[in-house]
Every structure is written in C-alpha cells, then in structure tokens.
Amino acid sequence: MSTNSEAAYATMLEGLPPADRKASDCQHEVFAACCAVTRLEDTGHFVCELRVLCVQCREPFRFLGMPPGLRTTAPACSIDGLEANLPIEPEIVKRLFSGASYEMPHIPTRH
Ligand SMILES: [Zn+2]
C-alpha cells in the first residue's frame, strides 16, 4: 500500500462510528470506501487505489478477478487483494468503449 492510500484509509477510519458486531455475525449491509490517486512520477501514468470495508463490523473486502501487482494499462490488486490499483488517465481525448458485458452473480451460501 502506498503512502497516499494509507493516509486516505486512516482518515476514513477516523470518521467511522465504532464497529458494533463481529464479522462472523454481520450481513455486511453498510460500506465505506476510500481512494487515493497516485502519480507514477516520470511516467505520465496515474493509479487510483481503492479500498472497501463494512462499516458495521470493519471487515475489509477483497477485490476479485484482478491479478496482484501494479500495472499501468489494466486493473490489478495488492498481494492480499484488499486494494484495487486502477490505472486512470485524464479525459482529454473522448473515448467510447464497445463490447460491454454483464455477468450474473453466483449466489454463495454465506453472504
Ligand atoms: Zn460487516
């Protein structure tokens, strides 16, 4: 985790009410997220670092479907999966993406 995202995460935690239940007893119904943007110096690239947790029990959420690491052209996550590293760029040139799709979620036995 970089310094930017550590500071954003600490600031978010300070603003939250205390957890009122254990993660094992929680349905995870209220969320908080924080993000920080890091400039990768001398490269012209930017990364949005995103973290999500449950406000009720403080359980952090893991990002799925991303390889661990840091990339400048595709999303990746931290080695523990708790931080998404999302490459971003200024919208100087307008782009529309074709080929959008939606996947129906699998319903787990515990959620
Ligand atoms: Zn929870």
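**View 1. R51 is a buried residue of strand β2 in this predicted model**. R51 has 8% relative accessibility. Buried means under 20%, so R51 counts as buried. The side chain of R51 makes a polar contact with the side chain of E83. The contact spans 3.3 Å.

**View 2. Strands β1 and β2 form a hairpin**. Strand β1 covers residues 31–40, and strand β2 covers residues 45–54. The two strands pair in the antiparallel sense. Ten bridges link them. At one of these places, A33 has V52 in β2 as its bridge partner. Four residues lie between the strands. D42 sits in this turn, with a positive phi of about 65°.

**View 3. Four residues coordinate the zinc ion**. C26, C54 and C57 each use their SG atom, while H28 uses ND1. The distances run from 2.2 to 2.3 Å. Along the chain, the donors follow the spacing C-x1-H-x25-C-x2-C. H28 lies in the loop between α1 (3–14) and β1, whereas C54 belongs to strand β2, so this pair ties together parts that are 26 residues apart in sequence.

**View 4. The donor atoms around the zinc ion are arranged as a tetrahedron**. What angles do the four donor atoms subtend? They subtend 106 to 114°, which makes the arrangement tetrahedral. For four tetrahedral donors, the ideal angle is 109.5 degrees.

**View 5. Two of the zinc ligands, H28 and C54, are buried**. H28 has 15% relative accessibility, so H28 counts as buried. C54 has 0% relative accessibility, so C54 counts as buried too.

Methods: Residues are numbered from 1 along each chain as its sequence is written. This is a predicted model: local features need pLDDT of at least 70, side-chain atom pairs count only at pLDDT 80 or more; totals for chains, interfaces and linings use all residues. Side-chain values use heavy atoms; hydrogens and water are left out. Two strands pair if DSSP finds at least two bridges between them. Donors are N, O and S atoms within 2.8 Å of the metal (3.2 Å for Na, K and Ca); water is not among the atoms, so sites may look incomplete. Four donors count as tetrahedral if all angles lie between 85 and 135 degrees; four count as square planar and six as octahedral if opposite donors are over 155 degrees apart and all others between 65 and 115; anything else is irregular. Buried means under 20% relative accessible area, exposed over 50%, partly exposed in between (1.4 Å probe, protein chains only). A polar contact is a pair of N or O atoms within 3.5 Å; within protein, one must be able to donate a hydrogen and the other to accept it, and residues adjacent in sequence count only if both atoms are side-chain atoms.
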